[in-house]
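Me: I would like to learn how to read strands, helices and chain copies in a model. Please take me through one.

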Amino acid sequence: MRHLIDFGDMTREEWDALSARTGAILDRPEDFLEVCRGKVCASLFYEPSTRTNFSFQTAMLRLGGTVFGFADPKSSSMAKGESLKDTVKMVSSYADVIVMRTPWEGAAKAASLYSHVPVINAGDGGHMHPTQTIADLTTMERLRGGVDGLTIGVCGDLKNGRTVHSLIKAMEKFRGVRFYLISPRELALPEYMKAFLRQQRIPHLEVTGLEAVIPQLDVLYMTRIQRERFVDPLEYERCRGVYILTRDKLRRAKENLLVMHPLPRVDEIHVDVDDDPRAVYFQQARYGMFARMALLSDLANQPRWDRTEPVEIGSAPVCHNPNCITQTEWYLPPLTRRLEGKTCCAFCDKELT
Amino acid sequence: MRHLIDFGDMTREEWDALSARTGAILDRPEDFLEVCRGKVCASLFYEPSTRTNFSFQTAMLRLGGTVFGFADPKSSSMAKGESLKDTVKMVSSYADVIVMRTPWEGAAKAASLYSHVPVINAGDGGHMHPTQTIADLTTMERLRGGVDGLTIGVCGDLKNGRTVHSLIKAMEKFRGVRFYLISPRELALPEYMKAFLRQQRIPHLEVTGLEAVIPQLDVLYMTRIQRERFVDPLEYERCRGVYILTRDKLRRAKENLLVMHPLPRVDEIHVDVDDDPRAVYFQQARYGMFARMALLSDLANQPRWDRTEPVEIGSAPVCHNPNCITQTEWYLPPLTRRLEGKTCCAFCDKELT
Amino acid sequence: MRHLIDFGDMTREEWDALSARTGAILDRPEDFLEVCRGKVCASLFYEPSTRTNFSFQTAMLRLGGTVFGFADPKSSSMAKGESLKDTVKMVSSYADVIVMRTPWEGAAKAASLYSHVPVINAGDGGHMHPTQTIADLTTMERLRGGVDGLTIGVCGDLKNGRTVHSLIKAMEKFRGVRFYLISPRELALPEYMKAFLRQQRIPHLEVTGLEAVIPQLDVLYMTRIQRERFVDPLEYERCRGVYILTRDKLRRAKENLLVMHPLPRVDEIHVDVDDDPRAVYFQQARYGMFARMALLSDLANQPRWDRTEPVEIGSAPVCHNPNCITQTEWYLPPLTRRLEGKTCCAFCDKELT
């Protein structure tokens with residue numbers, strides 16, 4: 001059974017196939033109206049994420065499939081008391097595919113061990129959100145003809161931004177990409193991410209100003225800077241204007257620049273940018289829906305596994321990450337995997353110590 | 001792009017076309033099972049309104065379309081933080097039509113400026129609720145063969161009743177209608193509504209008793225009297241029995257009278273009236289669903305606007321209505337319109353001062 | 001109009017027909033993809049019950065039907081203020097079938113008096129939950145070829161378990177069944193249920209240990225023992241291990257035993273049992289969905305009753321059960337019925353005193 005837990009699990013060939021399928025849907029959506037006919041998607045949102053939820057729901061509906069589930073754990077009796085395993089066993093008795101969002105790292109991976117149907121990770125805490133990356137890459141492919149060779153500026157909170165980290169990691173599949181890392185020093189890209197860029201020989205330059213580098217960029221990927229991230233509030237006030245994109249700052253940008261944003265924005269992109277044809281952040285949301293259609297049409301049509309493999313029963317977590325799913329689901333097997341030469345938890349990917 | 005924001009925006013010809021389409025659906029619902037196939041409706045209820053919500057949802061489903069959205073702002077991450085513009089941009093990236101209920105006056109109008117798809121106003125605060133009026137008129141058309149020439153008694157709280165005001169205003173499109181305005185003096189129709197009736201030369205008579213006028217009526221439109229509306233609680237107690245409809249009071253009514261109510265009722269219509277064939281308030285709910293099917297089948301099949309027009313960016317509200325959408329969405333353009341010789345806010349229709 | 005309020009209302013012939021239809025769906029689900037096309041199901045959950053709710057929703061969707069409703073009373077404006085009658089009148093104006101879960105005993109019966117469409121009881125307080133029983137019986141039929149002649153152990157809290165009581169009562173329709181009643185003395189089957197077994201001449205034996213009787217069983221139906229049910233907490237601690245099913249205790253069981261559970265479980269079945277082929281509690285959930293498909297495909301395709309029969313108007317409850325729906329819905333008729341020689345409330349079945 002193929003699931004989608006981590007974008008990194010996908011090969012370049014698999015990505016190209018998915019991207020081609022997205023293109024086919026965009027070109028002739030009417031050919032796909034029945035692709036998931038009779039298929040039912042469970043949408044399990046253990047934390048609210050209206051945007052991702054709506055995108056998956058409409059993707060499934062546009063393929064002729066249907067959706068049930070919950071948007072908020074509080075309205076579900078499943079959130080309390082029942083183990084994740086039992087919930088997944090039950091839901092996969094009813095559904096043909098599971099889309100799952102949780103605050104716990106590794107939860108989608110854990111679910112995939114017990115599910116009779118494919119599991120799609122719609123975000124597992126601070127860990128992974130592969131379909132956001134897929135939406136981002138699809139936008140670049142469709143509007144720039146491909147990702148290879150692009151010069152990408154990532155701007156804002158590069159220290160904490162999961163979206164940016166995933167996008168950078170995805171570049172191991174592409175060629176000739178270069179990065180401008182635009183952030184205040186306090187919110188610079190973490191060392192392990194820079195090590196990744198060096199190891200992959202991806203050219204990159206750290207800068208603290210946005211305006212000077214704008215003319216070089218093919219893509220400007222904006223993210224939010226949260227006041228709470230700053231130790232010194234004065235530093236925040238000093239910084240904020242620098243990283244707000246305005247129509248004025250766009251003057252010297254390339255004519256075919258793509259201004260992207262994972263949304264929601266607060267004020268890091270001024271509304272006067274919205275009507276500029278280079279502002280593609282709302283189109284990016286729409287491409288995300290089409291990419292999710294491609295994904296669902298592929299995964300949801302696998303044959304159901306009526307018998308799942310027996311899974312080893314654990315007794316206590318081997319991982320020390322307090323947000324890891326193994327902390328609360330004691331029966332999970334003590335799986336590990338090798339990542340960049342280190343032994344890591346196979347659920348949350350944190351190094352075992 | 002045609003939206004439905006205000007019933008007053010519709011011409012008599014447009015109403016007749018909508019009404020004819022409703023009739024066609026009622027006569028042969030099986031012909032409409034696929035009319036919205038492949039179309040997805042966003043149902044955005046920023047305040048709970050189960051009845052209206054269910055009516056729109058089932059209307060869309062009966063046309064072969066599908067629905068997503070939220071029924072309660074608290075379960076949506078969209079309610080907090082994000083601007084209405086960004087929400088609409090995002091949702092209209094996923095949907096083919098938006099049905100929207102908000103506590104803010106003018107919100108549906110504001111949404112229509114930014115949407116890539118048609119917007120239907122399902123109630124914007126105390127301002128407009130056009131599909132309730134459509135449901136009311138459809139009931140009269142279907143059960144009495146037309147609205148022209150009817151004698152209509154409106155009974156209850158005529159001062160605050162949005163439903164009644166909308167119904168009266170709708171009569172500018174019809175001929176030969178006359179009104180009995182039945183209410184306690186404290187809850188009489190406001191002066192500006194009476195001015196409207198005079199200006200339109202619609203005959204009307206204010207009375208404080210229900211029983212005496214019942215024999216004249218073709219339609220009796222009941223509404224709720226809320227205790228809180230009375231300054232003097234004793235006055236409320238004295239009044240209440242007068243405006244409660246009972247089987248007994250119906251004795252002298254015409255045989256083809258229509259007893260209507262926008263629902264929910266509390267006790268202003270006694271349950272002993274329910275089995276009288278003249279009690280059509282539950283049928284009225286069903287006609288509302290069919291009228292919404294007619295509306296959706298028309299609006300949702302318009303081609304999508306991938307590029308919307310640039311919209312002027314405002315900087316501060318010009319309107320002083322504290323419930324107007326312009327109070328919280330600062331970027332809305334300072335639009336005005338002329339209404340009955342006055343300059344009004346183009347969102348909430350309140351006079352600018 | 002045929003409803004499903006109480007499993008006891010169904011004849012053996014009706015059960016056999018339903019069971020045959022379930023079998024047909026299981027064998028050729030593709031033949032049923034359109035059986036409820038164009039039909040809309042209202043799913044009214046006045047208390048959360050995610051499992052039952054999901055099962056009904058997916059059943060309807062797999063028949064080509066659609067679903068609307070609420071999963072939680074708090075997000076519905078219907079929960080407050082409006083009478084059950086008015087809610088049912090309104091919802092049955094929009095829907096083709098109503099699935100209803102409430103904390104009030106007799107509510108589904110009450111709804112059926114006013115509905116224009118069939119009502120299915122998805123649980124009415126401590127009273128009835130007929131589709132759980134249907135799911136249980138379907139599991140036995142499909143996996144053991146029939147219910148007649150089975151030796152069934154029911155284990156856990158036999159005093160309070162509604163599921164177990166319903167299953168036992170259902171046995172009046174079958175032949176040759178025998179029961180082992182396995183529970184601590186404090187939680188033994190109530191006297192009136194034992195009277196029922198005697199009257200039906202169903203052989204049964206009360207035991208306090210699980211291990212000794214396991215080898216005799218064709219079906220072991222496990223239920224949860226709640227700590228709160230014990231007067232003496234020490235007694236609870238002493239008891240608990242006895243009634244926990246483990247792989248070890250299963251060693252001497254028959255090879256074709258069925259281990260069943262209504263779910264959710266807490267710890268009464270150890271996870272090391274899950275991979276044993278005799279553990280069928282997750283399959284039981286899936287059979288429940290197919291049985292609900294059979295039920296919906298039958299009931300939802302009845303012609304709508306546009307006119308309902310006039311219903312007598314009551315004035316005060318004749319029943320003294322504080323959880324009976326007649327306590328809050330004063331207008332309900334004072335209906336009674338004869339049950340085992342006693343005059344009972346026709347809504348909640350409690351004896352009138």
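**Strands, burial and copies**

Reply: Start with a pair of strands. In chain A, strand β8 (residues 219-222) and β9(A) run parallel, joined by three bridges. Strands (E, at least two residues) and helices (H or I, at least four) are DSSP runs, numbered from the N terminus. Two strands pair if DSSP finds at least two bridges between them. Opposite Leu220(A) stands Val259(A) in β9(A).

Me: What should I know about the model and its numbering?

Reply: This is a predicted model: local features need pLDDT of at least 70, side-chain atom pairs count only at pLDDT 80 or more, and totals for chains, interfaces and linings use all residues. Residues are numbered from 1 along each chain as its sequence is written, while chains are lettered from A and ligands numbered from 1 in the order in which they are written.

Me: In what order do the five strands of the open sheet in chain A come?

Reply: The order is β7-β6-β5-β8-β9, with parallel pairing. At the edges are β7 (204-207) and β9 (258-260) of chain A, each pairing on one side only. On average, neighbouring strands of this sheet are turned by 15 degrees against each other, direction ignored.

Me: Which strands of chain A does helix α5 lie across?

Reply: Helix α5 (residues 130-144) of chain A lies across β8 and β9, and runs at about 165 degrees to β9(A). Axes are lines fitted to C-alpha atoms, for helices over the stretch in contact; angles run from 0 to 180 degrees between N-to-C directions. Contact means C-beta atoms, placed from the backbone, within 7 Å.

Me: Why is strand β2 of chain B largely enclosed by the rest of the structure?

Reply: Count neighbours. A residue is buried if 20 or more other C-beta atoms lie within 10 Å of its own, exposed if 12 or fewer, and partly exposed in between; C-beta atoms are placed from the backbone. In β2(B) (residues 66-70), five of the five residues are buried, so the strand is largely enclosed. Thr66(B), Phe68(B) and Phe70(B) point one way, Val67(B) and Gly69(B) the other.

Me: Which strand is joined to β2(B) by five bridges?

Reply: Strand β1 (residues 40-45) of chain B, and the two run parallel. Cys41(B) has Val67(B) as its bridge partner.

Notes: Contact = placed C-beta atoms within 7 Å.
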